[in-house]
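Please look over the arrangement of the chains in the structure below.

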2 protein chains.
Amino acid sequence: METEQTRKILAGDVRVAARLMRGIEDNLPEATVELQNLYKYTGKAYIVGVTGAPGAGKSTLLDVLISTFRKRKLKIGVVAVDPTSPFSGGALLGDRIRMSKHANDKNVFIRSLASRGWTGGLARATLSIIHVLDAMGKDIILVEAMGSGQGEVDISHLADTTLLVLSPGMGDEIQMMKAGILETADVFVINKADKEGAEGLKIQVEQMLDLIPLKENSWKPVVLQAQAINGRGIEEITGAILEHKQYLISSGGIGRRCIDRARLELSEAIEYSLQLNVNKILNSENFKNLAIALAERRIDASTAAEQVLNNVFTIKKSHKSTRRSKTT
Amino acid sequence: METEQTRKILAGDVRVAARLMRGIEDNLPEATVELQNLYKYTGKAYIVGVTGAPGAGKSTLLDVLISTFRKRKLKIGVVAVDPTSPFSGGALLGDRIRMSKHANDKNVFIRSLASRGWTGGLARATLSIIHVLDAMGKDIILVEAMGSGQGEVDISHLADTTLLVLSPGMGDEIQMMKAGILETADVFVINKADKEGAEGLKIQVEQMLDLIPLKENSWKPVVLQAQAINGRGIEEITGAILEHKQYLISSGGIGRRCIDRARLELSEAIEYSLQLNVNKILNSENFKNLAIALAERRIDASTAAEQVLNNVFTIKKSHKSTRRSKTT
């Protein structure tokens, strides 16, 4: 079903898209319906994750990456889910700030997501925003995320290409980084390359990468030096991203990443749908009464839980047994 | 239904109780059945939570508290859910160590719970262990938990009386503590009272407590100094615990705590039951096929999630609308 709203978003209407994004953040049912309409028009954009510890220079790098992609006439969307980022700083304060440099470029759309107090699943919201940008016709969607710490979105599950931004003076922190991050990044950027220790950091990263066994024909992560602040090394980074994209296309890896992303999205949607029902349950009279019965030892917890759930769901018999009737 | 196992646990059989506790940790279905049998015999024990940062001296305090309660002929159970505690240290290593001092006292039963990699809900397991100890006839059950940091069990939701153990040199950390902990503790213990700063810490805690408005007739938290290592101040702490117990009984608060605990247990049981189904879902063929359909844009995420869930659950109509038919 194609609505007026759908048509406007497909035409790149910034105002209508922004309204839908607010609806997504607020978990409005209308937003879910509109996403359903848009979904079939998505899947064209290339998703680049930019991750790294606060202070590594992710935002500055993003800024110059946008400029470089724009020179190539590519349309850009940005989702910032890093609460420490200047991009999303505004989100914490309840309003949106956009990078002034690209504010007047209608082919750049920047959106920040507040990651605190989020109930509907941050990865779920991020993917939904990506879909809107994708439907708007953005060629490249940059996702800025902290990529460390609990409760953060693991960007490598969302992105086609993952950039890890490091800077000198963070040598000790690398040791403490989850091995997972090193293993999932496709391009490493040693930012602030003019600073002392940049060369050592590069060697350290390369040594750590050497320890990770590479499968045959798999992508060998690239380690690049840059000075985002004055644009040095950015062409090489853009080149590496596009090269990795080319690799994913020729190796068929892009399809696998797409399916991984779909799995993540589906499991998040399932969790969310169940959570809505659980919230209903916890506020129900039935729950309150059974808690009292439990306190008075008139029932036990697992029996009570079963009763509450049976009041809401029927668990289908075919699913209780292990795959007997597959004829549904 | 009273089984041989039930009878043995009610008689305080340590070997049978320990086996059931292992079953609880391993999420064995038999353990759930046995807990159902035991449940009606529980609800007699008094639950005391002991929380505080690592290094504050929780374990030493527990040790002397056990001795003091034993002098009063009370039977004691201990559940240690603090991964940094010497009590539960063994749990992390896969085996159990017991405090040697009480190892030969059959009226003291100590159990540690490994809190890492726990899938079935730590609060749920803790409550189940508490029930077993309760059924065994323990008068007081001490629960040691870190009480700060994410993923920890919030002890104040489980306990009748909550002790917060602090020690000098932690002044800065108090500022950083969640206000919640200060508001939920009933007894504050300034341990290592011989150390410099103990008096200052006591004043600091009292000042912070003064900022929290007290309802009429509500319990005024007690701040006590102690030296757990040589038993100084322990009688006062034991006295404060029993005084708080008396207060809860006379004010009727004990019934409310019991219902709160039942609510927590019921919601944990519901979450666990749903989680089991979600895990099944994520491993199903149906899920995998729908993820591919999603990746190929043949379906959208919310519709796919609905399809997966409908394959497993039927959400009852009466629950979809807001309370119309209450005649079930």
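A crossing is called left-handed if the near helix is turned anticlockwise from the far one by less than a right angle, and right-handed if clockwise. This is a predicted model, in which local features need pLDDT of at least 70 and side-chain atom pairs count only at pLDDT 80 or more, while totals for chains, interfaces and linings use all residues. Residues are numbered from 1 along each chain as its sequence is written, and chains are lettered from A and ligands numbered from 1 in the order in which they are written.

**Helix packing**
- α11(A) passes α12(B) in a right-handed crossing, where helices are DSSP runs of H or I of at least four residues and strands are runs of E of at least two, numbered from the N terminus.
- The axes of α11 (residues 253-282) of chain A and α12 (residues 285-295) of chain B come within 8 Å and cross at roughly 115°, axes being lines fitted to C-alpha atoms, for helices over the stretch in contact, with angles from 0 to 180 degrees between N-to-C directions.

**Symmetry**
- Chain B is superposed on chain A by a rotation of 180° with 0.1 Å of shift along its axis (RMSD 0.1 Å), fitted by least squares on the C-alpha atoms of residues with pLDDT of at least 70 in both copies.
- That is the relation of a two-fold axis.

**Contact between chains**
- The contact takes 46 residues from chain B and 46 residues from chain A, two residues being in contact if their C-beta atoms, placed from the backbone, lie within 7 Å.
- With 16 residues, α11(B) gives the most to the side of chain B that touches chain A.
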